[in-house]
Amino acid sequence: MSRDERDEAEIEASRAPLMDHLVELRSRLLVCVIAFVAAFILCFYFAAQIQVFLIKPFQAAAALHTVAQNQGAHGGNPFELIAVTAGLRPFPEGGMSAVELIATAPLEQLFTKMKIAGFGAIILAFPVLAWQLYRFVAPGLYRNEKGAFLPFLFAAPVLFLLGAALVYFVMLPFVMWFSLSQQINAEGISVELMTKISEYLNLVTSLILAFGLCFQLPVVTTLLGLAGIVSSKAMAAGRRYAIVAVVAVAAVVTPPDPISQLMLAVPLVILYEISIWCVRLIELRRKKEDAAEAQPA
């Protein structure tokens, strides 16, 4: 029996009536809802601690900006900014380590906590959601497709966390430091940055979501390569157009400064090159399997 025949027999054995599929879908959706609600309650309980954690990059930027102003400097050390945000170095002496964010509506802080809890719940519950999705569609996949699809359930959250880490340790400190550097205090005129807690956390979650999704590029392109929709040769030939598209995406999803755009564009270009090699490896493995099947038994 050939591989295709074995796959067809396996799928045929896993067939079930429509009602059974609907019952299974309901049970898996119920598990997803329970996982999300439990994660939401947990994140809402620790919403204040999560907010403090997300404000730390702003705190590091404010501290280094204060030191730079006291020393009469116009710029800061980017490596020191990253090190302070990551906790590898203490806050500099003379730096104001306290930041003030404001809420201008009575229920603004409550709604902000709910948004943070919802965003955190999606991240925490993602392994459960992805596993339930995989278990629902697995009976309709061939054996080789199951083996190929499963690793992406682990690669996707890892890449998302890498994008989120880039935002937290690199992107946010530079964005907030840049924002603080735009303040004016001269000749009796003062323009100070008074950030709303909701707007700051909306910026944080938007950047994390944008970077996390953009970092899924290898996952998406590799899946397209497995489906035979794209090839490594076509991706390599369209490299220049991909770079233009990456720069355009970076300009849209990041704040309007060249440093932020480069922070997203450079990793995306590297991930695109990695995607080409991933698709190329898939093509080489597929050729070996076809050659092995073509040999007489």
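**Figure 1. Gln-132 in helix H5 of the predicted model**. Gln-132 counts as buried because its relative accessibility is 12%, and buried means under 20%. The place of this residue is in helix H5. Beyond the residues up to four places away in sequence, Gln-132 touches Arg-28, Val-31 and Cys-32.

**Figure 2. The packing of helix H3 against helix H5**. Helix H3 spans residues 47-70 and helix H5 spans residues 108-137. Their axes are 10 Å apart and form an angle of about 85 degrees. The two helices are therefore roughly perpendicular to each other, since angles of 65 to 115 degrees are placed in that class. Where they meet, H3 contributes Ala-47, Ile-50, Gln-51 and Leu-54, while H5 contributes Gln-109, Thr-112, Lys-113 and Ile-116. By class, this contact has four nonpolar residues, three polar residues and one charged residue.

**Figure 3. Ser-198 in helix H7**. Is Ser-198 buried or exposed? Ser-198 counts as buried, because its relative accessibility is 13%. Leaving aside neighbours within four places in sequence, Ser-198 is in contact with Glu-108 and Thr-112. Thr-112 also belongs to the part of H5 that meets H3. In sequence, Ser-198 and Thr-104 are 94 residues apart, yet their C-alpha atoms are 9.5 Å apart in space.

**Figure 4. Leu-193 in the loop between strand E2 and helix H7**. Strand E2 covers residues 189-191, and helix H7 covers residues 197-214. Leu-193 is partly exposed because its relative accessible area is 32%, a value in between the limits of 20% for buried and 50% for exposed. Which residues does Leu-193 contact, leaving aside its neighbours within four places in sequence? They are Phe-58, Met-176, Ser-179, Leu-180 and Gln-183. Gln-183 is 10 residues from Leu-193 in sequence, and the two C-alpha atoms are 6.5 Å apart.

**Figure 5. Helix H4 and the glycine that follows**. Helix H4 runs over residues 78-85. Its buried residues are Glu-80, Leu-81, Ala-83, Val-84 and Thr-85. Just after H4, Gly-87 takes a positive phi of about 80 degrees.

**Figure 6. The cysteines Cys-43 and Cys-214**. Cys-43 is buried, because its relative accessible area is 5%. Cys-214 is likewise buried, with a relative accessible area of 16%. A disulfide is a covalent bond between the sulfur atoms of two cysteines. How many disulfides are counted in the model? When a pair of cysteine sulfur atoms must be within 2.5 Å, the count comes to zero.

Figure 7. From the N terminus on, its elements run α-α-α-α-α-α-β-β-α-α-α-α-α. Of the 297 residues, 35% are buried. The accessible surface comes to about 17900 Å², and 69% of this area belongs to carbon and sulfur atoms. Among contacts with a separation of 6 or more, 85% are between residues 24 or more positions apart.

Technical notes: Residues are numbered from 1 along each chain as its sequence is written. This is a predicted model: local features need pLDDT of at least 70, side-chain atom pairs count only at pLDDT 80 or more; totals for chains, interfaces and linings use all residues. Side-chain values use heavy atoms; hydrogens and water are left out. Helices (H or I, at least four residues) and strands (E, at least two) are DSSP runs, numbered from the N terminus. Buried means under 20% relative accessible area, exposed over 50%, partly exposed in between (1.4 Å probe, protein chains only). Contact means heavy atoms within 4.5 Å. Accessible areas come from the Shrake-Rupley method with a 1.4 Å probe; for residues, only the protein chains shown count as cover. Axes are lines fitted to C-alpha atoms, for helices over the stretch in contact, and angles run from 0 to 180 degrees between N-to-C directions. Angles under 35 degrees count as roughly parallel, over 145 as roughly antiparallel, 65 to 115 as roughly perpendicular and the rest as oblique. Ala, Val, Leu, Ile, Met, Phe, Trp, Tyr, Cys and Pro count as nonpolar, Asp, Glu, Lys and Arg as charged, and the others, Gly among them, as polar.
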